[in-house]
Amino acid sequence: MKGNTITGGIIITILLTSIIFTFTSSIFLESPIKFGEDVSGVIRTYTLVSEDVPGAKHINLNFTVKAGRIYINFTDDSNLIYKFVFKQDKEAKRPNIENITFNNGLLVNVMAESGDIKITLGNNYIYNGTLRVGLGGITARFSNYSNIEFFDLSAIYAGGVLVDIEDGASFDNFNLRVNSGGITIQIKANSLKKSSNISARVELGGVIINSIPVGMNLGSRLRAIADIGGVSINPGNFSIIKQTANEVEIMTNNYLMAPTKLDIEIFTGLGGTLINKNFFLS
Amino acid sequence: MKNENKSLTSITRFLERLGGILLEPRKTFYDMMQKGMSVIEPLFLIIVFFGIQGALFGVFTVRLLYSFLDFLSQFAGTEPLRIFQGSFIIITITTTISWIIAALLIWIISAGIAHLSAKYIFKGLGSYSQLLKLYGYASIPSSLVILGIMLLNLNLFIFFGIFLILCLIAFFWIVVILLVAVERCYLIDPGQAFISSFIVPLVVYLTLSAIIWSIFSSLLSGGLFL
């Protein structure tokens, strides 16, 4: 019975996603076939390095894109504060970027109407960020060069957020929000630099967590709730604390003793959550 | 509060039915036949599933055409080609409507053929209206086709193989649901149900196609000779 409801929820999710996709795909997708070199866009690059803002330690990013895609990654460049590469249509308005310094910090406000934006951040600063797309997607790759207190990533109306967490990533809180669409969290890390929290919320759509990290010094706990729909989980070797049709709570066996802890909270309004499962093999 | 709970329960029951038809079609059809069914729900499912398929196919076609226009604009300039771009919305609307009409026609005709076969060849017990309602639910596996077209829209080259696999799975799933529908509705054995739901309609459609093809080709060749 529960399996039927979850399957039904997945079907409805596919249908609703496809309706949104039908109306929005022409806005944020490129042509399926490209003939020759793509010369349609304009590329604008904005870079800030340590010499430009001496003494800054904390960087606060406040990034809003109405329609488009954001890619975030970190490099080992200790001199780099940020590098933004905007790929926009020729007719699109230039992005509005302002840098405001305060005490030992820097506030970066960015507002863009549309475009694909690649954000590269350095490894010598502590970052906080609120990055929002109205319609589109955010892809973030957190490597061992990342040093984050909190990141708030959201697709305000529709779209997706994909987060890739690698070994040695350092963050306190990730807050992922999607109104209609999906969130995918890929955790490839077996160790994190400090205890961390991930909170994911989708009102309409789904959340996929491909795997839950298990490491010598890393304990993980996950709680997932679906209001209408279901939570599908491959429990593997994890301890199940609670499992009902709409709610699942699990943890790794070493969670209570582990020096570093990862807590994951997931909420789905209408839709489903897949945990520790591959979408196509679920 | 009571109304809210009531609507929540009906949504949950609807989700259960959708999933049940995919995972346990025999039991779900039995339960539905016991409780009685309306034709509205299967009709709604066909319109939604095939409407979305048509719309997605239209969007994909439009984006392909845009690619060609981008290419042509390098030679012809963008201005002359902009005239065509406004008419692209018509393609999506046309594919959506034509998909729905085709699906409705196939629904009615296929149920009719299966009914004739199960009722008069295999002496089954059911009725056409009941089979028509059950047949509407066979559109549910086409959600896989919808997923496939969405993936195809994301990346044509990477997801083409997955699209074909999803279509194949959907096809076999639909055949199974049709078979179970005929078996449940007419209380005949699975072999007879398979013949009624798949083999006989296939033969009829192939024969019809052959007749239409031969008429068109004879008209064409006749026209050419004239």
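Reader: Where does Ile93(B) lie in chain B?

Author: Ile93(B) belongs to helix 5 of chain B, which spans residues 88-121. The model is a predicted one.

Reader: Is Ile93(B) buried, partly exposed or exposed?

Author: Partly exposed: the relative accessible area of Ile93(B) is 44%. Ile93(B) is one of the residues in a nonpolar surface patch, together with Ile89(B), Ile90(B), Ile97(B), Ile101(B), Leu105(B) and Ile109(B). The patch has about 650 Å² of accessible area in total.

Reader: How should I read salt bridges, and how many are there over all chains?

Author: The general idea is that side chains of opposite charge can pair when their charged atoms come close. Searching the whole structure gives 15 salt bridges over all chains.

Reader: Which residue forms a salt bridge with Lys194(A)?

Author: Asp172(A), with 3.3 Å between the closest N and O atoms. This pair links distant parts of the chain, 22 residues apart: Asp172(A) is in strand 8 (170-187) of chain A, and Lys194(A) is in the loop between strand 8 and strand 9 (196-209).

Reader: Which parts of chain A does the pair of Glu249(A) and Arg221(A) tie together?

Author: The closest N and O atoms of this salt bridge are 2.8 Å apart. Glu249(A) sits in strand 12 (residues 247-251) and Arg221(A) in strand 10 (residues 218-233), so the pair ties together parts that are 28 residues apart in sequence. Glu249(A) counts as buried because its relative accessibility is 15%.

Technical notes:
Residues are numbered from 1 along each chain as its sequence is written. Chains are lettered from A and ligands numbered from 1 in the order in which they are written. This is a predicted model: local features need pLDDT of at least 70, side-chain atom pairs count only at pLDDT 80 or more; totals for chains, interfaces and linings use all residues. Side-chain values use heavy atoms; hydrogens and water are left out. Patches are made of residues with over 30% relative accessible area and no salt bridge: like charges are joined within 9 Å, nonpolar side chains (Val, Leu, Ile, Met, Phe, Trp, Tyr) within 5 Å. Accessible areas come from the Shrake-Rupley method with a 1.4 Å probe; for residues, only the protein chains shown count as cover. A salt bridge is a side-chain nitrogen of Lys or Arg within 4 Å of a carboxyl oxygen of Asp or Glu. Helices (H or I, at least four residues) and strands (E, at least two) are DSSP runs, numbered from the N terminus. Buried means under 20% relative accessible area, exposed over 50%, partly exposed in between (1.4 Å probe, protein chains only).
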